[in-house]
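Please look over the sequence and the structure before reading on. The text then goes through them part by part.

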Amino acid sequence: MTAFARPVGPRSLAARRAAAVVGEGVLRGVLGEEGARLLLLVPDPHARFAAVELAGPFAASVLDDGYGVCSYVLAWSPSRDPLPASGVLGGYLEGFGDLRVRPDAASAIPLGEGTWAVVGDVEWPSGVAAELAPREVLRTQLTALEGLGLVPSVGIEHEVVFRDSSGVPLTSHGVDYAVGGTERLAPLLGELRRELAEAGLGVESARAECHPGQYEIVLRHRDALAACDDVLLQQLVVRRVAARHGIVADYLAAPEPGQGNSGHVHLSLSAVDGSEADLLGGFLAGVLRDARALTAVWSPTWNGFVRLRTSPFSPLDVRWGHDDRTASVRVAGPSSEPRLEFRFAGADAQPHLVVAALLAAGRFGLEEGLRAPEAGVSLGSLAGSPWEALSLLDRVGELLGSDVAAQLSALLGEEIDSGLSAVTDWQRWRGSLRS
């Protein structure tokens with residue numbers, strides 16, 4: 001196992017920090033090689049990275065001192081325009097000063113040509129963690145869960161649609177589990193397979209999916225921080241390889257009406273001593289209770305609500321079931337080692353926030369001694385529109401903190417304003433019916 005390997009299964013925050021110390025020593029060595037570069041990455045609110053590329057000789061000092069990145073990377077729109085500077089967001093937009101990014105060497109992967117990618121933690125110049133950084137939101141929930149003696153193991157599934165340069169999917173029909181019919185994908189998939197293996201991301205499985213041009217790559221389960229970092233690193237690799245082939249990797253939650261790109265989260269809990277913890281009691285009950293209130297986390301975009309409302313496997317109805325892919329929460333795996341598959345989020349949801357929300361809701365359920373309903377019992381539905389999701393953010397503040405709720409409010413408000421300011425092909429088509 002290399003210094004940067006992701007162990008399968010749960011890993012405490014202390015064990016992760018120890019791995020980072022070991023990894024940092026190795027990283028210093030590789031960054032000292034001629035031509036080496038460091039790609040320093042910060043997860044932003046839109047399920048992507050903000051990045052700074054650093055030359056190897058200087059990058060080694062960044063491991064000690066960190067490096068600056070403009071604070072608005074945690075308070076910008078998808079088009080990288082600043083959000084309205086109100087409330088907590090004002091501190092990120094006033095003066096557009098620097099946050100300090102400290103590399104987490106446990107996240108390092110090689111990207112080829114002497115480049116190493118490392119995900120970083122973000123702090124204010126004072127050394128205080130940036131409260132809106134997705135990694136910090138997740139770490140807060142992991143710390144609270146460890147306070148109950150519990151550590152999660154997480155696996156995330158992301159679906160993607162591959163399109164040619166004109167926007168046409170690379171398969172003309174769904175190819176779910178198919179071997180044939182995927183020939184146009186073969187050159188891309190061959191290179192992608194090699195690059196993901198060289199990056200050491202630990203792919204468990206890959207297969208064609210049910211919509212035109214759709215594919216799914218699944219990483220093995222690991223500690224929560226690694227799972228969330230790595231699914232975004234996987235997207236980074238996928239997009240880079242696809243671009244070399246003149247192909248677009250589309251992670252829209254709804255590539256078309258009636259279709260969905262999901263961001264399913266598989267989760268199990270272990271006690272700190274390594275024994276399995278109960279998932280089907282208070283933890284499951286807490287998530288089910290707060291699933292509707294957390295819709296803005298599962299579906300942060302206008303397009304995400306198209307997935308929830310039109311995709312046949314969408315999780316709009318809140319219920320759980322044993323090995324039931326029509327349920328929003330599916331109990332999977334052997335009865336001796338069950339795991340929960342949370343099917344709420346689309347592929348465009350911010351994974352650190354998604355997992356943080358699941359852990360917060362589940363922990364509240366454990367602390368309050370909630371009991372899960374019988375399998376198959378509907379507890380209502382997720383919010384069906386951005387406006388409904390916006391009205392539920394008070395509960396998000398109780399679960400994830402008022403700062404995160406304010407950030408989500410600003411993000412979803414900007415999404416609504418942008419959607420209402422756009423003229424779409426659908427509007428043009430509807431207008432043509434009046435002529």
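The paragraphs below take up strands, cores, a helix and cysteines in turn.

The model is predicted, so local features need pLDDT of at least 70 and side-chain atom pairs count only at pLDDT 80 or more, while totals for chains, interfaces and linings use all residues. Residues are numbered from 1 along each chain as its sequence is written, and side-chain values use heavy atoms, with hydrogens and water left out.

Helices (H or I, at least four residues) and strands (E, at least two) are DSSP runs numbered from the N terminus. Buried means under 20% relative accessible area, exposed over 50%, and partly exposed in between, with a 1.4 Å probe and protein chains only. In a regular strand the side chains alternate between the two faces of the sheet. Two strands pair if DSSP finds at least two bridges between them. Strand β3 (residues 67-70) pairs with β4 in the antiparallel sense over four bridges, and Val-69 has Leu-99 as its bridge partner. β4 is also joined to strand β6 (residues 115-123) by four bridges, again antiparallel; here Val-101 stands opposite Val-122.

Strand β13 (residues 329-332) is covered on both faces: Val-329 and Val-331 on one side are buried, and so are Arg-330 and Ala-332 on the other. β13 runs parallel to strand β12 (residues 320-322), with three bridges joining them, and Gly-321 lies opposite Arg-330. With strand β14 (residues 339-342), β13 pairs in the antiparallel sense over four bridges, and Ala-332 faces Arg-339 there. β13 and β14 form a hairpin with six residues between them, and Gly-333 in the turn has a positive phi of about 85 degrees.

Next come the nonpolar cores. A nonpolar core is a set of buried Ala, Val, Leu, Ile, Met, Phe, Trp, Tyr and Cys residues joined through side-chain atoms within 4.5 Å. The largest has 91 residues, of which Phe-162 and Trp-298 touch the most other members. Helix α6 (residues 224-244) gives this core its largest share, eleven residues. A second, separate core of 35 residues includes Leu-38, Val-73, Leu-83 and Ala-133. Contact means heavy atoms within 4.5 Å. Leaving aside neighbours within four places in sequence, Trp-298 is in contact with residues including Phe-344, Val-354, Ala-357 and Leu-358.

Helix α10 (residues 351-367) has 17 residues and reaches 24 Å from its first C-alpha to its last, close to the 24 Å expected at 1.5 Å a residue; the expected span is 1.5 Å times one less than the number of residues. Because 15 of its 17 residues are buried, α10 is largely enclosed by the rest of the structure. At the start of α10, a side-chain oxygen of Gln-350 reaches to within 2.7 Å of the backbone nitrogen of His-352. His-352 belongs to α10 and is buried, with a relative accessible area of 0%. Apart from neighbours within four places in sequence, its contacts include Pro-43, Arg-135, Cys-228 and Asp-229. After α10 comes Gly-369, whose phi is positive, near 65 degrees.

Last, the cysteines. Cys-228 is buried, at 0% relative accessibility, whereas Cys-210 is partly exposed, at 36%. A disulfide is a pair of cysteine sulfur atoms within 2.5 Å, and the count by this rule is zero.

How values were computed:
A polar contact is a pair of N or O atoms within 3.5 Å; within protein, one must be able to donate a hydrogen and the other to accept it, and residues adjacent in sequence count only if both atoms are side-chain atoms.
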